[in-house]
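Look over the sequence and the structure below. The paragraphs that follow go through an interface, a sheet and a single residue.

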Amino acid sequence: MFEQQLVNGLTLGVIYALIAVGYTMVYGVIELINFAHGEVYMLGAFFCVTFITALGMPFYVAIVAAMLCCALLGILLDVVAYRPLRNAPRLAALITAIGMSIFLQNLAMIIWGSRAKPFAQEAVPAYLAETALEWSGVHLTWLQIFILGVALVMMLGLYLIINKTRIGTAMRALAQNKTAAALMGINVNFVISFTFALGSAMGAVAGVLVAVYYNTLYPTMGYVAGVKAFASAVLGGIGSVPGAMVGGVVLGVAEALGAGYVSSLYRDGVAYAVLIAVIIFRPSGILGRAVVDKA
Amino acid sequence: MEPLLKVENVTKRFGGLMALAEVSFEVRPGEILGLIGPNGAGKTTMFNCIAGVYKPTSGDITFAGKDGVVRTNGLKPEKMTGLGIARTFQNIRLFGALSVLDNVRVARHCRTSSNFFGAVLRTRSQKEEEKAIIEESMRWLEFVGLAKHALDNATSLAYGNQRRLEIARALATGPKLIMLDEPAAGMNPRETRRLVDLIHAILDAGVTVVLIEHDMKLVMHICQRLAVLDHGVLIAEGVPEAVRADPQVIEAYLGRGAAHA
Amino acid sequence: MLAKLKPVLFVLAAAALAYPLMPFSNDYLLHVVTLVLVYMVLAMGLNILPGFCGLLDLGFVGFYGIGAYTSGLLTIHYGMSFWVIVPLACLNGALWGVLLGVPTLRLVGDYFAIVTFGFAELVVLFLTNEIWLTRGPLGLPGIEPVSFDFTWLNPDWYFELIGEVPYFYLAVAMVAFVWLVMRRIEDSRLGRAWFAIREDTLAAASCGVNILRYKVIAFAISAGIGALGGAFYARWSLFLSPDMFKFWESFLVLCMVVLGGLGNIAGALVGAVVLIVLGEGLREILPILGLAPETRFLAYGLIMVLIMRFKPAGFFPAIATASARNPLIKDLKKRLAGYASGEKSGTAA
């Protein structure tokens, strides 16, 4: 039982981690909590299903297409909503982010309806639903392996982009000091948009994976998942990419164990409680920097 | 004479950076002390340590305030204000959306006491207090020559007047010591002359003055004593003539290029 | 210009107050107006945080919910009078405000906003799951309406407030009360301390303002007013359920405050009118277009984004205006006018 909860928690955790890196990267470069990121994740799932059902794309192609669309959406969000507010008070940017979140969520409701729908199961390769491993009562499906594998590959790719490429270096420079980075000839707006694109693509994958895993998608799914991913980012130390990954996994496991052993009613509460507790007692998170007001 | 403020072996580190190293000096009541030194010497850090914004890493700061001599390191800024140390900022920090009068009225906070219930019920004592706050605030605005602008918006003032308003705000907290961080920065010669008169008037009002200033002519002209910082170390302390002749001071300034001579 | 408008506003207000007593008055309209009044209270309460102190509170609805359930449960279980419950609910809201505020108000803006958000979500979860207390998602029906019990004077003097009309007047009284409190605070030592924190925290501390304490006071008063709105709402709607207190209610109230101009109390009132009327309008129009009424939040989201983009300070940005009506300041103004005309040259220090 414990092992099964652990496996389920891990699966969920890597998905949180995928979403959380989007929050944390954006926060790293422009210190904005991009509330609309949860909606990008939700739209990733909807795009994927739409590509499969309306355009007849194969499953894997549809995932990539959804990633690209969400990357574009991320850039659009940045350019249209956030860029004009770069020098405005933080309050204005944060309120804009919430506004965009609510706007996108309701836009999805208008386009796809507000009821939950099943994922296009006929397009999903059948073997994913089968049990891949069974070991003393613990089931591990191919889908779970697929999720863990995809997450691992994406994390690795992200690590390489951030640490081994020119644009990754620029992102890190921007996170350190925006003005200095600009003086060094870094195209700040381009790098920020790139960050949004990268985070949004990862979020889109997470959306698809969740929709397949639970075989359901609905316009408000980004809300709770967004909060949990954000909690993961805070838990790991906001602004820290490895922190977001660790935070996601820790939260996923904590939630599965909490639901299994304490009370399933407060499953979502675990994330909020973790969020509040971390912010109060260790605002810098597991791997992050301090945030207490100096004045 | 008993010093008003005593700084003893104060050290302040930021991570690996030593911003202040074992700095000691004192401020005597009724004097104008100039805290000078090249850029990055640690002058503003010293101010922030005294004003309670930073806690010194080691060393002692004692202040002979209203309740006798108190060791003040680690006390919060609002507590320091309460004890009688007021300050202005290098980059002007006014309450931009408020009126000139309200800027000064806020400063009466630490000398007044009415609370939520007083505000809502408009008790007699609250009304008396509000009246006294206005009188006192207007007195200080008069003092710096901004009385006629009292109901204007603070940001509508000319630059030099914004600096004077900051001084009025600091004075309205009822200090024994006022610390001015580069009060003449950005002022034209006429505004600077008026500032000198104002600083003398502050002294006449019984408030001791410490100022950080880059304008050497101004400093030599009005300060009774100088303390010179360089790279976080106090390299000289004394009357302007002696400090000017000090070889270490000359090196600190002139060694960096003769521009300041 | 405002002076010319004054008689017009006065007539309008008088007409609004007299309307419910007219034979042609309409219950639906009265209901909407009362709803507007409730949101006016909430908007004025929330305004304290982002408007006066510059703190973003995303969990305001949590305190509204606490007030509503405090009021509903005390009515159902103890049959307490509305007049006893209101202060209790306010105190309960303020208590939670202090409990949440003390450990979290040291945090910088975004983090504080997130904690308040998490708190409000926890409140909803609690209301949903603690079925023994709140009946959970089934909601809390059968709350007694407000009554006046004067039976200790005369056995026949027991009046229950039924229908929309008395609640309209009650809500008007509540708005007037909160308005008065807010205006008085705005022009006081407390209000000035808040404005100072909003404008420049370090400079405020240098003026002797204890930042944390004044932020906690702000949070407690704001929470108390949110709970007041909730307490009234419970006894007016006579039914409560956890999904009345979801995040977008917080967002809606925040929209009202931002729309009117952060810190402007009158602006918050205007924001409440505009957004509730817009919401009710959309609720009618959207189904005609074949859309779910919930999609009206799309409009709210868009409005917020556009306001932040083009009018980041809201439509009527004005803070600390109450003191202009204070006789002391009026007197000062006269003195200054005399001063300026008497001595044109100005003063030299």
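This is a predicted model, and the tour starts where two of its chains meet. The contact between chain C and chain B takes in 35 residues of chain C and 42 residues of chain B. H8(C) gives the most, with seven residues. Sorted by class, this side of chain C has 23 nonpolar, six polar and six charged residues.

Next comes the fold of chain B. Strand S1 (residues 5-14) and strand S2 (residues 17-27) of chain B pair in the antiparallel sense, over seven bridges. Together S1(B) and S2(B) form a hairpin, with two residues between them. Gly15(B), in the turn, has a positive phi of about 60 degrees. Within the pair, Val10(B) stands opposite Val23(B) of S2(B).

Chain B also has an open sheet of six strands, in the order S6-S7-S8-S3-S9-S10, and its pairing is mixed. Strands S6 (85-87) and S10 (233-238) of chain B each have a single partner strand, so one side of each is left without a neighbour in the sheet. On average, neighbouring strands of this sheet are turned by 20 degrees against each other, direction ignored. Strands of a sheet pair through backbone hydrogen bonds, in either the parallel or the antiparallel sense. Strand S3 (residues 32-36) of chain B pairs with S9(B) in the parallel sense, over four bridges. Ile36(B) has Val228(B) in S9(B) as its bridge partner.

Two helices lie across strands of this chain. Helix H1 (residues 43-51) of chain B lies across S3, S6, S7 (177-181), S8 (208-212) and S9 of chain B, and runs at about 150 degrees to S7(B). Helix H7 (residues 189-204) of chain B lies across S3, S7 and S8 of chain B, and runs at about 145 degrees to S8(B).

The last stop is Leu226(B), which has its place in strand S9 (residues 225-230) of chain B. Is Leu226(B) buried or exposed? Leu226(B) has 25 other C-beta atoms within 10 Å, and a residue counts as buried if 20 or more lie within that distance, so Leu226(B) is buried. Leaving aside neighbours within four places in sequence, Leu226(B) is in contact with Gly34(B), Ile36(B), Val219(B), Gly238(B), Pro240(B) and Val243(B). The C-alpha atoms of Leu226(B) and Ile32(B) are separated by 8.6 Å, while the two residues are 194 residues apart along the chain.

How values were computed: Residues are numbered from 1 along each chain as its sequence is written. Chains are lettered from A and ligands numbered from 1 in the order in which they are written. This is a predicted model: local features need pLDDT of at least 70, side-chain atom pairs count only at pLDDT 80 or more; totals for chains, interfaces and linings use all residues. A residue is buried if 20 or more other C-beta atoms lie within 10 Å of its own, exposed if 12 or fewer, and partly exposed in between; C-beta atoms are placed from the backbone. Two residues are in contact if their C-beta atoms, placed from the backbone, lie within 7 Å. Two strands pair if DSSP finds at least two bridges between them. Axes are lines fitted to C-alpha atoms, for helices over the stretch in contact, and angles run from 0 to 180 degrees between N-to-C directions. Ala, Val, Leu, Ile, Met, Phe, Trp, Tyr, Cys and Pro count as nonpolar, Asp, Glu, Lys and Arg as charged, and the others, Gly among them, as polar.
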